[in-house]
Amino acid sequence: MNIQYKQLINNKKVMIPATIILILVIIYLAICFMVGSGDFLSHTTINGIQVGDMTKQEAVTALNQQFEKDTKQLLIKMKANDQSYTVDLTGNVSFEASQEVEKISQKMKGHFFTRGYYYLKNKDFIVPVKIQDEEKLKEAIKKSEILKYDTTQKTTYELGEQKIIFTKGTNGEKTTETLTIQQIQQALKDYDFHKEIICQLEQ
């Protein structure tokens, strides 16, 4: 038995991988221990706010304050080629910070041995903004006149005194209500509605 044990110890093909695995396990356990036992792991962000040292209630308060500031006058800027439009969503959005923060915290706290996993994983979370009334959204889109963008030229006929003038149409691009709604909702979902949105156009 001792001879087999010594042979195993001297077998580099076995010992080197085993040693590496042991070191990695020790490092992982150290990470699990070091990341803390608060409501969030260190360096966790929610909507860009560092919440690692916060309690859940402090995080909810900070997120709600940011939301109130960011949506006090919520004007979504959109651009279709060289034409710019503004969709006013002020008063037509909601934000559920408390529920989402609880979910994130529960995921972070979990079992001791999963803490290292979440620490090494991406710790940037998003609490989305949601549209309250889609009909009001459609009305705001219509009011912005973004749906008037259309570079398509139809084929036309014009009757002259002795001839018919024929103008061949050309293909173009246009905005659509469906694509516009999808892009706005995605920007709100990603909490990334401050920058101008480049419109997806339909051929």
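Helices (H or I, at least four residues) and strands (E, at least two) are DSSP runs, numbered from the N terminus. By this assignment, Glu135 and Lys138 both lie in helix α6. The two residues are three apart, about one turn of the helix. The model is a predicted one: local features need pLDDT of at least 70, side-chain atom pairs count only at pLDDT 80 or more, and totals for chains, interfaces and linings use all residues. Residues are numbered from 1 along each chain as its sequence is written, and side-chain values use heavy atoms, with hydrogens and water left out.

The side chains of Glu135 and Lys138 form a salt bridge, with an N to O distance of 3.8 Å. A salt bridge here is a side-chain nitrogen of Lys or Arg within 4 Å of a carboxyl oxygen of Asp or Glu. The structure holds five of them. Glu135 counts as exposed, because its relative accessibility is 53%. Lys138 is partly exposed, because its relative accessible area is 26%.

Lys148 counts as exposed, at 63% relative accessibility. Glu145 is partly exposed, at 41%. Glu145 lies in the loop between α6 and β8 (156–159). Most residues other than glycine have a negative phi.

Asn81 is another non-glycine residue with a positive phi, near 55 degrees. Asn81 sits in the loop between β3 and β4 (83–88). Its relative accessibility is 46%, so Asn81 counts as partly exposed.

The packing of α6 (residues 134–144) against α7 (residues 177–189) was examined next. The two helices pack at an angle of about 115 degrees, and their axes are 11 Å apart. Axes are lines fitted to C-alpha atoms, for helices over the stretch in contact, and angles run from 0 to 180 degrees between N-to-C directions. Angles under 35 degrees count as roughly parallel, those over 145 as roughly antiparallel, 65 to 115 as roughly perpendicular and the rest as oblique. Helices α6 and α7 are therefore roughly perpendicular to each other. Helix α6 passes α7 in a right-handed crossing. A crossing is right-handed if the near helix is turned clockwise from the far one by less than a right angle, and left-handed if anticlockwise.

The loop between α3 (56–71) and β3 (75–80) contains Leu74. Leu74 is buried, because its relative accessible area is 2%. Its C-alpha atom lies 6.1 Å from that of Asp88, with 14 residues of sequence separation. Gln73 lies in the loop between α3 and β3. Gln73 is exposed, because its relative accessible area is 60%. The C-alpha atoms of Gln73 and Leu89 are separated by 7.8 Å, with the residues 16 apart along the chain.

Thr61 lies in helix α3. Thr61 is partly exposed, at 34% relative accessible area. The C-alpha atoms of Thr61 and Ser98 are 8.8 Å apart, although 37 residues separate the pair along the chain.

The surface bears a nonpolar patch of about 470 Å². Ile16, Ile20, Ile23, Leu24 and Ile27 make up this patch. Patches are made of residues with over 30% relative accessible area and no salt bridge; like charges are joined within 9 Å, and nonpolar side chains (Val, Leu, Ile, Met, Phe, Trp, Tyr) within 5 Å. Accessible areas come from the Shrake-Rupley method with a 1.4 Å probe, and for residues only the protein chains shown count as cover. Ile27 lies in helix α2 (residues 12–34). Ile27 counts as partly exposed, because its relative accessibility is 44%.

How values were computed:
Buried < 20%, exposed > 50% of the residue type's maximum accessible area, 1.4 Å probe, protein only.
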